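My notes follow the order in which I checked things.

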Amino acid sequence: MTRTLRIASQSAWVSFQEVATNGFLLFAAVWQPLFIGVTTMYVLRHRTDFDPMYVVVGTALSGIWSTLLFAGSGAINHERWMGTLELLAASPAPFLAVIGGKLAGTTMFSLVSLVLSYMIGAVLFGYPIAIAQPVSFAISLVLAVVALWATGMFFAPLAILWRSVGRFLLGLEYPVFALSGFLFPVLLLPIWILPISLVLPPYWAAFALHGTSSGDLDLGGLLRAWVFLLLTGGVLLLLASRLLDEVLTRARRAGTLALS
Amino acid sequence: MRLFGVTAYYSFRALFHWLSPMPYLVYRALFPLSQLAFFALIGAYGGSQPLTFYLVGNTVGTATLTAFGVSQAVADERQQGTLSYLLAAPAPRVPIFFGRAALHVADGMLNMLAATAIAVILFGLRVPVEGIVGLVITMLVATIAICGVGLLLGAVAYIVLDTAVLANFAMFIILLLSGANVPLSELPGPVAALAQVIPLTRSVAAGRLYAAGASLDAGLSLLVGDLALGAVYGVAGYLVFNWLEMRARREGRLEGV
């Protein structure tokens, strides 16, 4: 267990440093949220019930999601391009721990979006930014980050096992912003779309974080959001574990990893 | 002309690895359409402007995606290992350089027509009959103007090395400052002034005029302005590319362009 954690933490640290110098992921975590946050602040500030914290939270989630979407779907492919995938597959280190650590490092880095979003609201626009339920918000943030990390873990093997699925995943940036209600309520979408939203961890992340930051969420709603974050994140992590096994099977037994 | 046509066809086709249609569908259909829907819905939620404002702004705004393809068609020569062959070839540079944008104009138009269809079918955008021709011309001008930006970005990418990041920067700056989502009157003075050198600002304004039923004459001067601005960007890209080529030849490091 200690050994696995050590591997995961080392993988996380290497990944953190890689992401911090990767122009594309830096754009996803820093610059894109900046543009989206500023645009949305301008568009939504005319509402009579405007709450700048709503934009701050939604913008931060958009940055975290974009970073994890691109990093997750490229996590194993990146190893292939670097020529280290076969080495990783042959290594006795648990593959799940290596990839999990890698995405944990990326997830930690993506939290820079939260700081940046706060700066947009507080410094650039000069709004007073306050969290109505700070403790619940902090717990929600931890659970949201874990669930989004699990989503990235699910994408990692999916993108390498089926290339066309991997390419399709890259197009899920804005659809998930919309389906999860990051910057506008999902009730603006057609009602038949709602069941799709309900199975997405980002939806529950937005539900919990918007609710606790504004103070509009009662205890029942909050607990429901937490349960669904754990549930959806857990299911995706389980699926990721199975798919990672399939990746190793292709690498070791079928020898078709590079051809998938 | 033959060189122009060959360059246009192969640089476009190579870009999307068209052995499978998925990359094309994702990059050129799903992404721009979901972007349009996302910003239109934020606008609808904000409610400060009528929905048509955001629908037209973001439909014309989908032209920004064209910059990705054009800039990559120029800059990917290095990544694909063909840059040295290109620079060593005796072929004239003008058709080779500008040919890279040719098919993207048609593709960008398809993109914007698809975006318009989404705006009409899903969001109920209604364009009066007298404004339809003007709106189609607006889309054409917006796409050509953005191709100019793409050519410049592609040339600059030889210096900064990351085309995708450059094109992303350009896309969001244009979407923020062109008036596609935020009225120019709301932007701070210097930023609003900057909007005047963005080759989509006038197209967005013209698109809104035509969507409101204005006659063709009403937006023509705006469109000419964006067309000229796009040409300036394109020529600037050509000059940058030529300067880099000259420097590379003089210093004997073709891959260092």
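How are helix 5 of chain A and helix 7 of chain A oriented to each other? I am working from a predicted model, and I began with the angle. Helix 5 (residues 95-110) and helix 7 (residues 134-161) of chain A pack at about 130 degrees, and their axes are 10 Å apart. Angles over 145 degrees would count as roughly antiparallel and 65 to 115 as roughly perpendicular; this pair is therefore oblique. I noted the handedness of the crossing of helix 5 and helix 7 of chain A as right-handed.

Next I listed the contacts of that pair. From helix 5 of chain A come Leu96(A), Ile99(A), Gly100(A), Leu103(A), Ala104(A) and Thr107(A). They meet Val145(A), Trp149(A), Gly152(A), Met153(A) and Ala156(A) of helix 7 of chain A.

Of the 31 residues in helix 3 of chain A, 28 are buried, so I logged the helix as mostly covered. Just after the helix, Gly83(A) has a positive phi of about 80 degrees.

I then moved to chain B and ran the length check on helix 11 (residues 216-251). The helix has 36 residues and reaches 52 Å between its first and last C-alpha, close to the 52 Å expected. There is a bend of about 25 degrees at Leu222(B). I wrote down its buried residues, among them Gly219(B), Asp226(B), Gly230(B), Gly234(B), Gly237(B), Tyr238(B), Phe241(B) and Glu245(B). What do the buried residues of helix 11 of chain B pack against? I found helix 5 (83-88), helix 6 (93-121), helix 7 (129-160) and helix 10 (201-211) of chain B. Just after helix 11 of chain B, Gly252(B) takes a positive phi of about 65 degrees.

Last, I looked at helix 3 (residues 51-61) of chain B against helix 6 of chain B. They pack at about 160 degrees with axes 9 Å apart, which makes them roughly antiparallel. The crossing of helix 3 past helix 6 of chain B is right-handed. In the contact, Leu55(B), Thr59(B) and Val60(B) of helix 3 meet Met112(B), Ala115(B), Thr116(B) and Ala119(B) of helix 6.

How values were computed: Residues are numbered from 1 along each chain as its sequence is written. Chains are lettered from A and ligands numbered from 1 in the order in which they are written. This is a predicted model: local features need pLDDT of at least 70, side-chain atom pairs count only at pLDDT 80 or more; totals for chains, interfaces and linings use all residues. Side-chain values use heavy atoms; hydrogens and water are left out. Helices (H or I, at least four residues) and strands (E, at least two) are DSSP runs, numbered from the N terminus. The expected span of a helix is 1.5 Å times one less than its number of residues. The bend at a residue is the angle between axes fitted to the seven residues ending there and the seven starting there. Buried means under 20% relative accessible area, exposed over 50%, partly exposed in between (1.4 Å probe, protein chains only). Contact means heavy atoms within 4.5 Å. Axes are lines fitted to C-alpha atoms, for helices over the stretch in contact, and angles run from 0 to 180 degrees between N-to-C directions. Angles under 35 degrees count as roughly parallel, over 145 as roughly antiparallel, 65 to 115 as roughly perpendicular and the rest as oblique. A crossing is left-handed if the near helix is turned anticlockwise from the far one by less than a right angle, and right-handed if clockwise.
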